[in-house]
Amino acid sequence: MICTDATARGGDGNPLDTALWRAPTAPRAAAEQYTQLAVLPFDHRRRLVTVLAAAGHDEPVIITKGAPEAVLELCAELPDTAKAVLDNEFRAGHRIVAVATRPAPGRDALVGLDERGLRLRGFLVFLDPPKATARDALLRLAELGTVVKVITGDNPDVAGHVCTELGLPPGGVLTGPDIDRLEDPQLRERISTTTIFARVDPEQKARIVRAERASGLDVAFLADGVNDALALHAADVGISVESATDVAKDAADVVLLEKDLHVLADGVVEGRRIFANTMKYVLMGTSSNFGNMFSAAGASVFLSFLPMLPSQILLNNLLYDASQLAIPTDTVDPEQLARPSRWDVGLIRRFMLVFGPISSLFDFATFAIMLGVFHADEALFHTGWFVESLATQTLVLFVIRTRRTPFFRSHPSVTLVMAALAAVATGALLPATPFAHDLGFTPLPGDFFLALTLMVLAYLALVELGKHFFFRVPKPIAPQRSRVTSHRVDRRAARFTTGRAQRSAHAAPQHSN
């Protein structure tokens, strides 16, 4: 207890030191009689801390506390049973801290060479069981396709015991010295078959994260200590908790207010739901906008007037986009939540080129009906295409939003249904309102709505058929992604740097010597 951080007495220091002071049988009164004269602070190379302390007028004594392997190496002699006891405690999953001392008469300062010739005084045994909810949370993450690996400074046997309790799949074990012997390509190969990385220092933690990212995988790192800052910064997403050290929280991208792995699983699901709903809007918006531009360009070939007035286009977009504000409330199919997704510009481009012309096909059918059947003048033509365009591009969302059969095997949210129907109804009723003349509209004949209903049904059926052909062979999610060198710098600097400054920073090395 003498060899502890002063803040541990108040419960704010190292968790192990705090546990010592809070132990029911801790000799607090005896420990408080000692005064620390000098300290060699803990570092992750030595893995121990040493203090020079004295009680009253007694001779000073050197007290060393730290990782058992490190402390035992500094002892002049060891009891025959020391290593056997230590191995048994490790296999039981206990965290162990070794304590050794030696007299230091007349000393008032410490140097590194003082950590020699020590006498082992014993082992401090800590029970640090995982949270009761951790096993279920890790099972959820595994079901979501998230691979969990353990990177720790603890003994590999302790880490293995914890992994067994948590139900993590068995895998290889790499220690800090093992990692030092591996080149980066070799480390990347070993990572895929390794579950536990034990007795690693902060630099090695960051190296593991960088090696995993270099293989093209997305890496999140969860930690709460000062020694984890490098790895938190190296990860794609650094995650810490509210009770973590300030250094860890500053290095993290996300700080969890609740220290529960279920929050991570919930975050994975919510992230995939948001991404899936975002893709619905992107696919629908790009395809319908491409189709509208194609239709407008085609109509200009044979029309002597604009197919739709600029103010009507803006109103159309306003109603259409207002209805899409409900997309975040939409439900997402279970298979979309069960596996990760990635931004695929190629998919968006192909979808636009396939489904945009289908939209234009029905726009041209509307043009033909308006001119050939209803002999529409300019105002009637504008009104007819406005209503048809709004209806088709809004209602097609119910087909695009899922790869299943819409409404039968995949149900949209009530909010989305109501918003879409409200937008279509508003567009259909506007020509009959007092605002129609100001907006350039004119009342539509009743037969037009019959034709519109048939066209919308045919359009949705054709899009559904095209969707099944488009997605007939599910494209696998690539396990790896390619990144440019500046990927991480851009992501981290985006909140603080203008685009011009980033480009200048990237260009600077070209002029350096």
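I start with strand β7, residues 150-151, which runs parallel to β9 and is joined to it by 2 bridges. This is a predicted model, so to speak: local features need pLDDT of at least 70, side-chain atom pairs count only at pLDDT 80 or more, and totals for chains, interfaces and linings use all residues. Helices are DSSP runs of H or I with at least four residues, strands are DSSP runs of E with at least two, and both are numbered from the N terminus. Two strands pair if DSSP finds at least two bridges between them.

Buried here means under 20% relative accessible area, exposed means over 50%, and partly exposed is in between, with a 1.4 Å probe and protein chains only.

Next, strand β6, residues 118-126. Strand β4, residues 75-77, pairs with β6 in the parallel sense over 2 bridges. Strand β5, residues 95-103, runs antiparallel to β6, and 7 bridges join them. What stands opposite E77 in β6? It is R119. R119 is also the bridge partner of T101.

A further sheet is open and has 3 strands, in the order β10-β11-β12, with parallel pairing. Its edge strands are β10 (220-222) and β12 (254-256), each pairing on one side only. From one strand to the next, the twist averages 25°. Strand β11, residues 237-241, is joined to β12 by 3 bridges, and S240 has V255 as its bridge partner in β12.

Now a helix pair. Helix α8, residues 184-191, and helix α9, residues 202-214, have axes that come within 9 Å and cross at roughly 80°. Axes are lines fitted to C-alpha atoms, for helices over the stretch in contact, and angles run from 0 to 180 degrees between N-to-C directions. The two helices are therefore roughly perpendicular to each other. On that scale, angles under 35 degrees count as roughly parallel, over 145 as roughly antiparallel, 65 to 115 as roughly perpendicular, and the rest as oblique. Which residues meet here? From α8 they are D184, L187, R188 and I191, and from α9 they are R207, I208, A211, E212 and A214. By class, this contact has 5 nonpolar, no polar and 4 charged residues. Ala, Val, Leu, Ile, Met, Phe, Trp, Tyr, Cys and Pro count as nonpolar, Asp, Glu, Lys and Arg as charged, and the others, Gly among them, as polar. Contact means heavy atoms within 4.5 Å.

One serine is worth a stop. S389 lies in helix α16, residues 378-395. At 3% relative accessibility, S389 counts as buried. Leaving aside neighbours within four places in sequence, S389 is in contact with N292 and N316.

Last, the salt bridges. How many does the structure hold? There are 21. A salt bridge is a side-chain nitrogen of Lys or Arg within 4 Å of a carboxyl oxygen of Asp or Glu. Side chains of opposite charge can pair when their charged atoms come close.

One of them joins R140 to D266, with the closest N and O atoms 2.9 Å apart. R140 lies in helix α5 (residues 134-143) and D266 in helix α12 (residues 261-302), so the pair ties together parts that are 126 residues apart in sequence. R140 is partly exposed at 26% relative accessibility, and D266 is partly exposed at 42%.

Another is formed by R401 and D330, at 2.7 Å from N to O. R401 is in the loop between α17 (397-400) and α18 (414-429), and D330 is in the loop between α13 (310-324) and α14 (334-337), so this pair links distant parts of the chain, 71 residues apart. Both R401 and D330 are buried.

E335 and R404 also meet in a salt bridge, at 2.8 Å from N to O. E335 sits in helix α14 and R404 in the loop between α17 and α18, 69 residues apart. E335 is partly exposed, with a relative accessible area of 37%, whereas R404 is buried, with 19%.

Key. Residues numbered from 1 in each chain as written. Heavy atoms only, no water.
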